[in-house]
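Hi,

Here is the structure I promised to pass on.

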Amino acid sequence: MNVLKRYLKFSLKRSSQPQGTMAAATQVLACDSTSIIFSLDDQVAISSPETLAALRTAASCLKDLFPVAFPTETVYGLGAIALNATAALKIFSTKGRPADNPLIVHVSSRRMLQTLLPQNYTLSPSYELLIEHFWPGPLTLLFPCDHSLIPDIITAGQPTVAIRMPSHPVARALIAVTDAPLAAPSANSSGKPSPTRAEHVLNDLNGKITIILDGGPCEVGLESTVVDGLHEDGNIRILRPGGITVEDIKRVLVKGFSDANTPIPQVLVHRRDFRDDALEQAPTTPGMKYRHYAPSVPVTLMRMSDAPLGIEPLSPSAFLQDLKRSMPHSSDILRVGLLMPSDSILMKSLINDTTIQWHEFPFGLVSEPAIIARRLFDGLLTLEREGVDLILVEEVPEENEGLAIMNRVKKAAGSSQWITIP
Ligand code: TXA
Ligand code: MG
């Protein structure tokens, strides 16, 4: 680990410059997802010559041990050959990622998953069900780690390894064409919002990587759900809420176990339904130890739910008065970004104030949390680039996709403000 830390220190210092043989400019290669088809036995066919060429170029860059950015259905990932420690280390130096934050390994087939698991390990009935229903897709499962196979840099010393099979055709085809599992965190500088479009990756990592595969905007928009189902009690622990909702996981387990003689596993959400000291110490779920998802402008979470004891909620106009007094802003007029549902009552009352320049980002309806999830990171990154002084994000109910949305928003926001509408 000491050698690793020294390497990281060294490479982090250099990470703002192009490394080794890497080109200063980053190439963005367009891929047509519709030209990629997987058969039921996980074989890939690619009908577009341009897409095939882009995937081959990216695969050869990966085999030269350089990272490549690629789209997944959740967010863009920064991939490297997972079973090669030198390749995986470059992910950390490119992102400025702390060495104690483990990576997810991405596979393109069940056969590839099997090559990563310890011999004699058999999947539990819960894992079989979850894989059957949600793979390929935004669900990451923890597995026991074969340390003779998986480099320590991937697991950051954990006894488990996190694995998922992405459903984005470009991601899955890249893994299949490279013919190797890829380790991939989100393709952003550590601490920033995750990229959901190729342009976000380019704005952040231009000159630091050689290739970005562009497969259009990500459909889910938030990262995968990270699940630990390895405990003796057989329960399913959600370490990070994400693209697959807790409600969906419960539904599949209840149905799948209905005829079994064993009890239905419980689904427990970290910090809501259980705490774990070891988890709190190690940054095994994002944001526990390090700042996450934060753009360079301040973010305030606007809460309309009941304020905790001792906190007096403000009316929208009192809030705006405070804001204008306290907010340092460079231009003559205060510029405020809004990430609020288009039918938000709060937004309607705020934008009445014409002394503020409002930057509204289309965010979907209150009743459409999946759309809000898709647009959250895009909204944070777009408003940051528009040069606003502050971003206000409205709270959503913590159910369905709302649980993952609020998990990210709470970490992105430096402060919360309770509001009451008279
Ligand atoms: O949707 C996603 O999961 C995206 C795309 C690119 O696949 N990837 C992603 O990776 O979000 P990253 O590195 O930003 O977040 C992975 C999280 C880490 O914060 C880490 O704490 C957790 O998964 N993780 C990885 N391995 C783990 C392990 N062995 N035990 C517990 N948590 C682990
Ligand atoms: Mg990330």
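The chain averages a pLDDT (the predictor's confidence in each residue, from 0 to 100) of 91, and 90% of the residues score at least 70. Residues 1-23 fall below 50, though that stretch still has 30 contacts beyond near neighbours in sequence; contact here means heavy atoms within 4.5 Å.

Some housekeeping: this is a predicted model, where local features need pLDDT of at least 70, side-chain atom pairs count only at pLDDT 80 or more, and totals for chains, interfaces and linings use all residues. Residues are numbered from 1 along each chain as its sequence is written, chains are lettered from A and ligands numbered from 1 in the order written, and side-chain values use heavy atoms, leaving out hydrogens and water.

Ser194 sits in the loop between strand E9 (182-183) and helix H8 (198-205); helices (H or I, at least four residues) and strands (E, at least two) are DSSP runs numbered from the N terminus. Ser194 is buried, at 1% relative accessible area (buried is under 20%, exposed over 50%, partly exposed in between; 1.4 Å probe, protein chains only). Beyond four places in sequence, Ser194 contacts residues including Ser186, Glu223 and Tyr293.

Tyr293 lies in the loop between helix H10 (277-281) and strand E14 (299-303), and is buried too, at 2%.

Cheers
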